[in-house]
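Please open the model in a viewer and follow the selections in the order given.

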Amino acid sequence: MEWRIQKPNKKMLFCALAPGILIYSFIIVFPILFSIFYSFYDWTGGDDLNFIGIGNYILMLHDADFFLSFRNTAVITALNVVGQVGVGLAIAIVLTREYVKLPGLHRTLIFMPVIISPVVTGLIWSIVYNNRSGLLNLALRSLGLGSWIQLWLDNPDIVLGSISVAVIWQYIGLYMVILLGALENIPQSVIESSMIDGASPFQQAIKIMIPMIYPTLKVAVMICLAGTLKIFDHIFVMTGGGPGKSSMTMTQYDYNISFNMLRLSYGSTLSIGIIVIIFVITGATLKVMGGKRYE
Amino acid sequence: MKRFLSLGKAAVAMTLALGFCAVPAFSQGTGKTITMIHYNAPPEATSDANSQAFYAVLEKYRKAHPDVTIKDEFITHDNYELKLKNMVASNSLPDVYFSKPDLFPVLREKGLIAPISAYLNADKAYAASFKEGAFNDFNQAGVVWGVPFQLQSNHVVFYNKDLLKKAGYSEFPKTMEDFVEMCKKIKATGVTPIAMGNKGKWLAPSIILNTMVYRYTDGAWFDSLYNKKGAKFTDDAFVSAARLMKTLVDLGAFNPDMNSLSNDQQRDVYYSGTAAMFIEGSWAVAQVIANAPADVKAATGLAVLPPVKGKEKFANIVAGGAGWAVCMNGKIPEARKKMVLDFVKGVFGQEYADISASKGGQPAIKPKIDASKLDPIQAAYSQLPLIFAPIIDVQCPAKIVDVYYNDLQDLLIGKLSPEDYAKHVEAVNN
């Protein structure tokens, strides 16, 4: 019997696509459109709208706190891309080695934090970092490393690092699994022939494995970048942007402006600003990474 | 492309239709149903006097009025303001809600708050049952906009007499200079002078800094500032208060992890005997009575920050007052107004005051209870010769409060000088 793919008529096409488009529009497209709309107004909720043109955008460009929060976000993002994708890649490569016992168990355990809610992760790490009864300082003390004890979340100089460790811990498993999948698709024969040619394990990783999974790696960096640039939950729970403003990210700042100060229209402007920044950064990274082709 | 566009148009239409049909989950009640939001944690979860009184009276009210359905929603105190502001923005306020006066101007402008002056004038007995000055915070444009349920000091120093003795002090210092000196001596004994939990960012400014300001000036300064009659945050009084805070920070008077502990946790530090003092509002009286270990409780004394030399006339002024008001939605139709008002008066009335006072609270209505049955700590509180002045962050608009809170944390971690702090707050005030 011959199966023919029927070309769907317009009506069917519409019916099939409608639910998806509808939901997507409702939760993504329209909020963005509304935000753009409100960003041109002075609005604190309710019915009174007061058109002020690009006033909010001019304000944003002169807002030192917004730039500070951008700087903080950039630091956290840099740490996280290196920590999540970089270390995730290293773990994935090690897990492909034959000398690793119980690779399945390692994979499961490292992946586990991914399924925890970010809020819970934030709470867990607040307890780990607690100055008085926290696991970390307790461990350092019992190891005789008392001088390493820090106010992990109170010291403005290290708070971004402390938060990043918690976020990296949570998501490293995700990138490990993505990259492991790509590594397992490399034909065994390629690896074997490189071994015969005398390539060391390190050379294998750098010269063969990474180039061969480069497209996947690129995707992983993109996901990580976009995810970390809009980081919110962990920081909200762990420090609330503090101490002072030392761990305030763009989204946390936007939240404070919108909901603590009820400046909803300026908050909308900031969200548009954040979207533009994320677009520019991910776009630029894509350009840079895409320029170098290994395949 | 054309097809895509028409598809898009259809999606827009359907989404808009969906959006406008959406009904808020919790909003104004109808008929014999009264809706309310509040931050009173369930009685099994807290020893807070207001919560204890609220649930006890609410239960009685429900039994006495079987025909009225009361839907109340509890939101934790730290999240309450956010939820309230969201409800304001989305036009879904319930019939009855708590609000601080800083939000009144917005609520008034949107017609979401009902004036209650007329009702108070009509029921003289109810109005007279309140303590003097209970309505002061809620008076705007010559009209009262809310019913107070508490009248409390935003500042009480709880100190451990035993730990003070160890540092060589048999009584609480009489001057600020001596207080600072005492902090140094307590620190030298290996104990944290003042336990502070400023994670929520409000404690240091609202509980400590406000009253420090009133060591250099009085409530008239704030009135002048609030009504834009000359006073500024960059005035000497405010800068001196910020400097005093900085002095305490620099000498290590507070625990180094002050910005990652909550106000509940600061009490735990005090209870553990590793801190000689903690400073909190008078609501902590009930908490200490209920939760402090017996030895710490027995050693606990109450005071307020002592006066600065040469400024003795400002002694005993503390930031304090009613703080939160019980407000009624301005959009309640005439037909339901009396029922809702009766509910507010029924719940936040004499009985509420009596229960709250018996649990260590400071109700807005004069309680009718036997003073000799009070806990010693409650009795010590009632003997403090307090003079209330406006709570700066309760009165000022949200945009000032945000800087007042956040930038003080910068001062606490040494990133901002007292002078710059004052400048930053004044910048948003202008």
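A salt bridge is a side-chain nitrogen of Lys or Arg within 4 Å of a carboxyl oxygen of Asp or Glu. This is a predicted model, in which local features need pLDDT of at least 70 and side-chain atom pairs count only at pLDDT 80 or more, while totals for chains, interfaces and linings use all residues. Residues are numbered from 1 along each chain as its sequence is written, chains are lettered from A in the order in which they are written, and side-chain values use heavy atoms, without hydrogens or water.

First, select B:Asp410 and A:Lys245. These residues form a salt bridge, with 3.8 Å between the closest N and O atoms. The count between chain B and chain A is three salt bridges.

H1(B) gives the most to the side of chain B that touches chain A, namely 10 residues.

Now show both chains. Contact (heavy atoms within 4.5 Å) joins 38 residues of chain B to 36 residues of chain A. The buried area, which is the accessible area (1.4 Å probe) that two parts lose on being put together, summed over both, is about 3,200 Å² here, and carbon and sulfur atoms give 62% of it.

Finally, colour chain B by domain, with bounds from an automatic or database domain assignment: domain 1 (27-150 + 322-365) and domain 2 (153-321 + 380-429). Their C-alpha centres lie 29 Å apart. Between these domains of chain B, the count is zero salt bridges.

Key:
Helices (H or I, at least four residues) and strands (E, at least two) are DSSP runs, numbered from the N terminus.
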